[in-house]
Amino acid sequence: MEYSSPILNYAQLAPILIVLGGALIGVLIEAFAPRSSRHSSQLFITIATLVISLGALLRVRNEASVDAAMGSVAFDGAGVLFQASILIIAILSIFLIADQENFTALAAAVPGSDEERDSLRSDLRVTEVYPLTLFAVAGMLLFPMSSDLITLFVALEMLSLPLYLMAGLSRRRRLASQEAALKYFLLGAFSSAFFIFGVAYLYGYSGSITFVGIHGSIVNGSGNDVFLLLGIAFISVGLLFKVGAVPFHAWSPDVYQGAPTAITGFMAAATKVAAFGAILRIYYVVFANAQWQWMPVLTVIAIITMVFGSVVAIAQRDVKRMLAYSSIAHAGFLLAGVIALSKPGLDASIFYLFVYGIATVGAFGVVTLVRDSSGEVTDLNRWSGLGKRSPLIATVFALFLLAFAGIPMTSGFIGKFSIFSAAYESGSTSILIAGVLSSAIAAFFYIRVIVLIFFKDPVEDGTSVVIPSGLTTITIAISAAVTLLMGIYPAPLINFIQSTAFFIR
Amino acid sequence: MNALTSMMLLPLLGSLLLAVIPTDQVLRIKQAALGTTLLVAISGVMAWFKFESSNTAFQFVQTVQWIPSFGINYAVGVDGLSLVLILMSVLLAPIVILAGWNESEGGRWSAKVFYILILLLETLMIGVFAATDVFLFYVFFEAMLIPVYFLIGGYGAAERAAAAVKFLIYSLFGGLLMLASIIGLYVISSDNGGPTFDISKLSEMHNFMSPTTQNLLFLGFFIAFAIKAPLWPLHTWLPDAASAATPGTSVLLLGVLDKVGTFGMIRFCLTLFPDASKTFTPVILTLAVISILYGAFLAIGARDIKRLIAYTSISHFGFITMGIFAMTTQGHSGATLYMFNHAFSTAALFLVAGWMISRRGSSKISDFGGLQRVTPIMAWSFFIAGMSSLALPGLSSFVSEFLVLVGTYTRYPVAAVIATFGIVLAALYILIPVQKALHGPTTPGNESLPDLNLREKIAIAPVIAVIVALGFYPSPLLNVINPASAHVIESQGFTDPLPTESAGK
């Protein structure tokens, strides 16, 4: 048997490889650098890595090819847009993560043990989070580019495993944080099992693991349709779990609440881009010709997800849980773009993912700032009167909420308009109606928070808004500016997406 | 520069100017706000004189590409209908500021924020009437809610927060239904000659719709507008909002914002969906007649002077809606003139009522009495405003109410006859408070109320002048309105029914 050496297009793989390299350097720093200099050097390495990776991506952005890694990675316009969104969101999130207040000192210590108390007293600082973030980012970059099922699975695990750990790093409420991590891990492992099960069925159906091969079998109609259906169903379970679509959403409120807020923001925004990138690719590229098998089910899931997320969010009294349910509702809106199964649907989804991700990072950035003497305050009752204490922060948060609600002049409105019109154009009237109605429901709880912030009197319980560190300010300011700008003048970005976003087979 | 665009930019620049004036220089802020609105009013009057009333096409047209890939333009222009409404808005703004000189104090936020919100609102008010692009209209329509929401919630009376939320939820719900219809229109237009939001191109689209589609799209628009110009049974937000807001905000709310609803019915419902409009006419006329009578009965029973005015407005909006859906030139001209007149008579009522309330410290009608002796000028102002509200011949509302009834009678005699009872009830709901508050023995506590001061006299004088002048000589307005109304009726495929006498011979 002869082995031919793999042919890799290193320029196209560079963004992923650079991030992996940065992560490895981070691991070395953890091992060898003195504790005192770790934080600053990790921060520097991480930001530099992400920026260089973004630069490398921009350099090769126009070179579409299926053969970046012997058919396992497809490098195309849509993929470039997903990767760029992920990198931008990651950079903004790193600024939030750099504010170390949120993280435990020694993640391995048992909650409440002497070891933990000692670590807190000696003012240790966790710095593992930087390489973990980079590993997760590398997985996310690969996920929407994968063009065979094994690579897709590897990327899925690569992005998930660091996130499970990062969810458990919260400084306060250690037990809740660890519970969140465990829950995320167990359910994630469960859904990975479904995913790999689906891979097996698709292989049984087509005798191939590449997207091209499976698509070819679907077009020929040569295989056993039962295998195809089971394969699509199981793979969809694995993917829908990652985006938190109902009925695979159960992890997200607990994980959003338990994880350190900066991590929640990163997870909510970047994971969504990566996972929807992969979903869009697999449905648009592989399953497109089998749409009558999956579209009715996915339509029902999208509608249930929108309505459920919006309705349950009304009952939430915790800002992070509320944002979790709101992100479930948004997953439903984004599924409308998948169902559209058209070029406008793809364009709209990419625009929506980008602006929603940015607004999400910004919103969680604001959440990190509202604190009392023992840490962040996420109980919504104690947010009342925030507008009186710090009008600027409250206004910015209101802007993000209005964007989530899809009010004109914010990016969320353009996103909603384009994604619903794409869905309706493809004939999904039910999606349009459900989307509009659940937007109305969702508007109710966003407005309730705005009322609380602006029209209720502050409760005197020591809740205050900390003066944001320089990096957090940058993140919130950029997010707010993008949210506003993309609501008022989105044409350049929309044109860019329209001319760039293509999937290749 | 385009007359309309510059008219919209002026208040926007004014609000920026206000933003840089220090918060504690309240007088300077007020002067700047008043000066800005006066400038806008002057440019509005200048536009009025430049307008060619015989030309039924849009004038002062400006079109700039905004989001080309969706066919969205920044497109403005006016015909007789929108010009009258813009004139009404820009004339009311300085009056409201002058009349409510002190109402920004004691609010939740500073006077500066109040006037910034008012000026932003003025920009949006002009924009919403001037937009000839449906998407642009929608953006203004929704964006208007935000300043109004904060004006009600931040500066009003006791129940302001709840009233503001109720207002916002109702409006957002209607707005989202309209968004669904707009998406529907967009998709139909992109299937038939390329995506566009241009109102004149969209008015051809009804030829490509099935009756069901047209009916559904019509309802999306109509329900949104019926919430805005509150039509029974969608009116319940109005009394709460109008009685919780400051008098100035209420004037803008009832006088201008609600007119967007009736304006929208003519500009969008009738023009875009002529067949559906005919289908729904019987239902809408029934609702309009119910509104006329129901609003009047509620007004008769009202104990609170602000609620009373709000209820009378529900009755008046019933008349306007009836005039619009009577589908005759007279009905349309009457409805348009009614919109203008209602704004001024309601402004007079609300402003005087606001002065009465702030002097007495109570808004109950039973707390007043004998004001005619104590404060003759205030009492006479209220009396004239009231007479205008009940459409006394010689005052402006009479002309429009008469036109509406005549215009309706020629096609729908039954509706017109029943609606005429509204006039009888109007006499009751105005004369009862006039008798209780202005005449009779002076109620204890009222003996030393001060009469109107110079500022208040200057504010109310132009309003009363307009009411009286248009009562005797409405033709300057009608000359502009009539061609526009005839054009709408004609493009609907209607001919005015001839009076039966001459038709028989």
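Which residues of α7(A) meet which residues of α8(A)? A few friendly notes follow, starting there.

1. This is a predicted model, in which local features need pLDDT of at least 70, side-chain atom pairs count only at pLDDT 80 or more, and totals for chains, interfaces and linings use all residues. Residues are numbered from 1 along each chain as its sequence is written, while chains are lettered from A and ligands numbered from 1 in the order in which they are written.

2. On the α7(A) side you will find A:L202, A:Y205 and A:S206, and they meet A:G213, A:I214 and A:S217 of α8(A). Contact here means C-beta atoms, placed from the backbone, that lie within 7 Å. By class, this contact has 3 nonpolar, 3 polar and no charged residues. Ala, Val, Leu, Ile, Met, Phe, Trp, Tyr, Cys and Pro count as nonpolar, Asp, Glu, Lys and Arg as charged, and the others, Gly among them, as polar.

3. The axes of α7 (residues 174–206) and α8 (residues 211–220) of chain A come within 9 Å and cross at roughly 55 degrees. That makes α7(A) oblique to α8(A); angles under 35 degrees count as roughly parallel, over 145 as roughly antiparallel, 65 to 115 as roughly perpendicular and the rest as oblique. Helices are DSSP runs of H or I with at least four residues, and strands are runs of E with at least two, numbered from the N terminus.

4. Now look around α8(A): A:F211, A:I214, A:H215, A:S217 and A:I218 are buried. They cover an arc of only 160 degrees around the axis, which puts them on the same side of α8(A). The arc is that of the directions from the helix axis to the C-beta atoms. A:V219 and A:N220, on the other side of α8(A), are exposed. Buried means 20 or more other C-beta atoms within 10 Å of a residue's own, exposed 12 or fewer, and partly exposed in between. The cover over the buried residues includes α7, α9 (225–243) and α11 (261–286) of chain A.

5. A:S93, in α3 (residues 77–97) of chain A, is buried, with 28 other C-beta atoms within 10 Å. Beyond its neighbours within four places in sequence, A:S93 is in contact with A:A262, A:G265, A:F266, A:A270 and A:V361.

6. Between the chains, 23 residues of chain B are in contact with 23 residues of chain A. The largest share of chain B's side, 14 residues, comes from α7(B). By class, that side has 19 nonpolar, 3 polar and 1 charged residues.

Conventions
Two residues are in contact if their C-beta atoms, placed from the backbone, lie within 7 Å. Axes are lines fitted to C-alpha atoms, for helices over the stretch in contact, and angles run from 0 to 180 degrees between N-to-C directions.
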